[in-house]
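Student: Could you take me slowly through one part of this structure, the sheet in chain A, and tell me how its pieces are arranged? I would like one connected explanation.

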Amino acid sequence: MTARTHMPLGQEAIAAKGWLGAHKYLLLRRASQLFFLVLFLLGPWFGIWIVQGTLAGSLTLGLLPLTDPFVFLQSLIAGHWPELTGAIGAAIVLVAYALIGGRVYCSWVCPINPVTDSAHWLHRKLGLQKGWQPKRGTRLWIMVTVLIVSGLTGAIAWELVNPITMLHRGLIFGMGFVWAMVAAIFLFDLLVSRHGWCGHVCPVGAFYGLIGSKAMLRVSAANRSACDDCMDCYAVCPENHVISPALKGKDTPLILSPDCTNCGRCIDICAEDVFKFTHRFDALTVAPPESTAAPQPRASRPF
Amino acid sequence: MSRVGTPLSPQRRRFLQDSARAAGGCVAAGSLLAWLARDARALPAEALRPPGALPEKDFLSACIRCGLCVRECPYDTLKLAELGVDAVATGTPYFTAREVPCEMCDDIPCVAACPTGALDPGLDNIDDAKMGVAVLVDQENCLNFLGLRCDVCYRVCPVIDEAITLETEHNARSGSHAIFIPTVHADHCTGCGVCEKSCVLPEAAIKVLPIRLARGSSADHYLKGWEEKEAKGAPVVEGIIDLPDRLPGPGTDNLVAPGGFEPSFKLPEVTQ
Ligand code: SF4
Ligand code: SF4
Ligand code: SF4
Ligand code: SF4
Ligand code: SF4
């Protein structure tokens, strides 16, 4: 650890790349989340019916069916064999995320993500304690439990509590008391458990992580030799245990953990441009600079 | 070397403890979820599922709560249950007859839109739908039962004269008129709710109820003799002796008939 770790988060990146450059993927992600939400809202709000339905199941341009594969799987286990339309929709979504990156759903589509992201932001600003940190595998256990309960009760179990589809449906069809659910998640992440919901509990994220474990889109610490240990990437990453093997390890610089949500915050926040988006077969690292000594602090950095 | 009697290594102990904790947590969370799932099955009586909906238990395994059926309904009949507002399993489609009934579209767009088969695509004729059954629940307030000619529920029924008919009966109050009793025939009633919606009373006297509430059932072994006889074209039991019926007339214990006598058995006197 150096004095640099005590500097305000992201200050170096902003100094090096400008504010926009240091928030590029964050802004793109918010734009993407908004885009997917607005697609669904154009119909009910403005009568422009490009997409009908919700994230659980939708029909685009009256042609393309999409079904959430986790909901679909629960339905299967609950004992219902869905019609072809639903099955095709689930297959399309499954293949798409398996190819691109499972938890791309989390960072780029899921409407709960901005909620937990803001909770994390505030958590950092207030300098709160980590709080309750359940084991890594917890969400997988919850996922399995949800599937077993679906089988035992013959109902799509997680949809009874799933805040993602509830919030999405709430915005499109009518909120009811969903805001209380969203507030609860915000407070849980803020006061009870840092990164609690998306990092430890949500079985949907766990499911997408699993299906995307061999996916193409990866973040690579290709330029890891330039890392000056400022630790900013660890501070912003919602799943920061995924960073070390790539950044500090000796093998592949690719972040291969299925937990990585491909949010790109590490790329944004790094003043040294250590990280980049690439595909899973690109294991190249940038050759270390001539002098293998630790990089010198830059002149622009205000100590 | 035998491991019997050697204490568990710390790692192993920790692993077992963690596993036990995880399993315990899962059972607790799972039970809670299972309880919610059971709870979700309690559909309020006034909430009707769209045409072709599977039986409630199967419906909850099939409906992904996408709302595509809601979007396709041209009359805005259907809505998705809102969390904490409607007592229906959250996010599932339903309608309330008295608010907006189902207009029984010929092409059943709601069923066509359902991607999962939660609304059974086997339903190709809307007249076969079974969303519920109308029941004339309040005979004391129904205008027709009072001897008036309201008839509204009868006239608006999309399956008029099959699902609902007017059965005449003598009006004992006036002594000289008929009562036209709106009578629902469950075999043909689709449960669309148009009658309930249209009932002129401030609170409908005819209501669509879920079939489980609206209908009784006869025991399996219960045969209707007259139906059996008609099907067979002959008495059900061959060679049965048909005893003469006791008709009022002379020689019977019927005081009203001329020549009748007092019955041998006397009811005990009632004393105040
Ligand atoms: S973990 Fe769950 S709630 Fe969080 S972003 Fe992913 S899918 Fe959404
Ligand atoms: S049959 Fe027509 S009116 Fe009835 S629920 Fe379906 S779409 Fe709506
Ligand atoms: S279209 Fe089918 S799956 Fe979707 S909400 Fe309606 S009944 Fe449920
Ligand atoms: S619910 Fe009423 S209007 Fe609809 S079919 Fe039955 S009797 Fe007719
Ligand atoms: S509309 Fe209502 S009051 Fe009129 S006959 Fe039907 S049930 Fe009776």
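Tutor: Let us begin with a single pair of residues in this predicted model: A:Leu59 stands opposite A:Pro65, which belongs to strand E3 of chain A. The two strands concerned are E2, covering residues 57-60 of chain A, and E3 of chain A, and they pair in the antiparallel sense over four bridges. Widening the view, we find that this pair is part of an open sheet of three strands in chain A, with the order E1-E2-E3 and antiparallel pairing. At the edges of the sheet lie strand E1 (51-54) and strand E3 (64-67) of chain A, each of which pairs on one side only. If direction is ignored, neighbouring strands of this sheet are turned by 10° against each other on average. A helix also belongs in the picture, for helix H2 of chain A, made of residues 24-46, packs on the sheet and touches strands E1 and E2 of chain A. The direction of helix H2 of chain A makes about 105° with that of strand E1 of chain A.

For some context beyond the sheet, we can turn to chain B and to the cysteines. The residues around ligand 2 include B:Cys73, B:Cys102, B:Cys105 and B:Cys110, and by class this shell has ten nonpolar, one polar and one charged residues. B:Cys102 is buried, because its relative accessible area is 8%, which is under 20%, and B:Cys189 is likewise buried, with a relative accessible area of 7%.

Conventions. Residues numbered from 1 in each chain as written. Chains lettered and ligands numbered in written order. Predicted model: local features only at pLDDT ≥ 70, side-chain atom pairs only at ≥ 80, totals over all residues. Heavy atoms only, no water. Near = heavy atom within 4 Å. Nonpolar A, V, L, I, M, F, W, Y, C, P; charged D, E, K, R; others polar. Buried < 20%, exposed > 50% of the residue type's maximum accessible area, 1.4 Å probe, protein only. Pairing = 2+ DSSP bridges. Axes fitted to C-alpha atoms, helices over the stretch in contact; angles between N-to-C directions. Contact = heavy atoms within 4.5 Å.
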